[in-house]
Amino acid sequence: MPVSDSTDHEGVIDRKLVDTEETNEPRNPNDGLPINELFVSLQGEGKLAGIPSVFVRTSGCNLRCWFCDSYHTSWEPTHARLDLEEIVAEIESYDADHVVLTGGEPLLYEASVKLLADLDELGYHTTVETNGTIYRDAPIDLVSISPKLESSTPTPERSPTDVGEWEQRHEADRIDLDSLSRLVEDAAFQLKFVVTGEEDLPEILDVLEALRDATDATVRDEDVLLMPEGATRTRLAETRTRVADLAMTYGFRYTPRLHVDLWNDAPET
Ligand SMILES: C[S@@+](CC[C@H](N)C(=O)[O-])C[C@H]1O[C@@H](n2cnc3c(N)ncnc32)[C@H](O)[C@@H]1O
Ligand SMILES: Nc1nc2[nH]cc(C(=O)O)c2c(=O)[nH]1
Ligand code: SF4
Ligand SMILES: [Mg+2]
């Protein structure tokens, strides 16, 4: 069960701790990681949906999707800085053998590599949720890549706050074929595209064609998942049937967002 109030759990993050340091700078892994939340839930998305998993959510992102369901890791980063030992101790206090490292963008940080190596040594199955723009050489059991389409780009009309420089930065950085190639070559992977409608499909086909040209790894259609855009039950109800139909039409896989069905947009779920 998700822990609704992290202060009830041993070794915890005080979610009220607000640290707005700039998080995109490389740091010494010994400095730990900026952690927005750490909780146990069911993996809600992708090939491993339904598996009890501990989620470690780093704060800070190099992109700014207008629809980001983790606003406090991207548009308004909020976190406590935890040592890797504290993070591992908190993970070990839960009864789960799957760990999902997510964010924000967890591969911004060299310390994520050290955390993944420590978890690997302890025998955990690790999934990394990443936007695919940054490659790091790390022991990962499943790299869950969610390349960002044009429909994710924030504009003054569809931005949760002042868009500033982010329309250009997001658009320039959202697809990096070199990183995508190296990520799919290194580990078992899934490509999980956030989809709103049919207009997203030509770009997905283009990204797949470019990736298949760029890599020797085999990218099967069953590794490609269409995920409905929606951070709330209400929004998902508008998108999911359309996206399921598109998966059938194009021969890709559909992934639900089980946690949204179960717990809507509650934190730590
Ligand atoms: C918050 S992101 C963190 C990891 C990484 N930054 C990324 O985007 O893959 C975790 C997952 O949530 C997805 N996501 C974020 N907001 C969403 C929304 N409104 N609807 C559907 N999926 C969303 C992302 O595409 C990604 O697969
Ligand atoms: N239950 C649950 N499953 C998830 N799978 C990926 C998530 C993420 O935010 O990366 C996520 C999440 O936030 N909650
Ligand atoms: S890349 Fe991920 S964390 Fe960053 S803004 Fe987009 S959905 Fe949010
Ligand atoms: Mg999430």
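This briefing walks through a predicted model of a protein chain with its ligands. The secondary structure of the protein chain comes to seven helices and nine strands, where helices (H or I, at least four residues) and strands (E, at least two) are DSSP runs numbered from the N terminus. Residues are numbered from 1 along each chain as its sequence is written, while chains are lettered from A and ligands numbered from 1 in the order in which they are written. Because this is a predicted model, local features need pLDDT of at least 70 and side-chain atom pairs count only at pLDDT 80 or more, whereas totals for chains, interfaces and linings use all residues.

**Confidence**

- The protein chain has a mean pLDDT of 92, and 90% of its residues reach 70 or more; pLDDT is the predictor's confidence in each residue, from 0 to 100.
- Residues 1–23 have a pLDDT below 50, and beyond near neighbours in sequence this stretch has 44 contacts in the model. Two residues are in contact if their C-beta atoms, placed from the backbone, lie within 7 Å.
- As a reminder, where pLDDT is low, the predicted coordinates should not be read in detail.
- For the complex, the predictor gives an ipTM of 0.99 and a pTM of 0.93.

**Overall fold**

- Of the 269 residues of the protein chain, 41% count as buried. A residue is buried if 20 or more other C-beta atoms lie within 10 Å of its own, exposed if 12 or fewer, and partly exposed in between, with C-beta atoms placed from the backbone.
- Among contacts between residues at least 6 apart in sequence, 72% join residues at least 24 apart.
- The nine strands form an open sheet with mixed pairing, in the order S3-S1-S2-S4-S5-S6-S7-S8-S9. At its edges are S3 and strand S9 (253–254), each of which pairs on one side only. Two strands pair if DSSP finds at least two bridges between them.
- S4 pairs in the parallel sense with S2 over four bridges, and Phe55 has Val100 as its bridge partner in S4.
- S4 also pairs in the parallel sense with S5 over four bridges; here the bridge partner of Val99 in S5 is Thr126.
- S7 and strand S8 (residues 224–228) run parallel and are joined by five bridges, with Leu226 in S8 as the bridge partner of Phe193.

**Ligand shells**

- A residue is near a molecule, and so belongs to its shell, if its C-beta atom, placed from the backbone, lies within 6 Å of it.
- Ligand 1 is surrounded by 19 residues, the closest being Phe67, Asp69, Ser70, Glu129 and Ser146. Strand S5 (125–130) and strand S7 (188–195) each supply at least two residues of this shell.
- The shell around ligand 1 divides into six nonpolar, eight polar and five charged residues. In this scheme Ala, Val, Leu, Ile, Met, Phe, Trp, Tyr, Cys and Pro count as nonpolar, Asp, Glu, Lys and Arg as charged, and the others, Gly among them, as polar.
- Around ligand 2 are Ser41, Leu42, Gln43, Gly44, Glu45, Phe55, Val100, Thr102, Glu129, His259 and Thr269. Strand S1 (33–42) and strand S4 (98–102) each supply at least two of its shell residues, and by class the shell has three nonpolar, six polar and two charged residues.
- Ligand 3 is surrounded by 13 residues, with Cys61, Cys65, Cys68, Ser74 and Asn131 the closest. Its shell has four nonpolar, six polar and three charged residues.

**Residues worth a look**

- An unreviewed UniProt entry lists Phe67, Cys68, Asp69, Gly104, Ser146, Pro147 and Lys148 under "binding site"; such annotations may be inferred rather than shown by experiment, and positions are in the numbering used here, with feature names shortened.
- Phe67 lies in the loop between strand S2 (52–58) and strand S3 (80–82). Phe67 counts as partly exposed because 16 other C-beta atoms lie within 10 Å. Leaving aside residues up to four places away in sequence, Phe67 touches Ser152, Glu229 and Ala231.
- Pro147 sits in the loop between strand S6 (142–145) and helix H3 (166–173). With 24 other C-beta atoms within 10 Å, Pro147 is buried. Not counting residues up to four places away in sequence, Pro147 touches Asn131, Gly132, Ile175, Leu180, Leu191, Phe193 and Val207.
- Thr161 is also in the loop between S6 and H3, and counts as exposed because it has 12 C-beta neighbours inside 10 Å.
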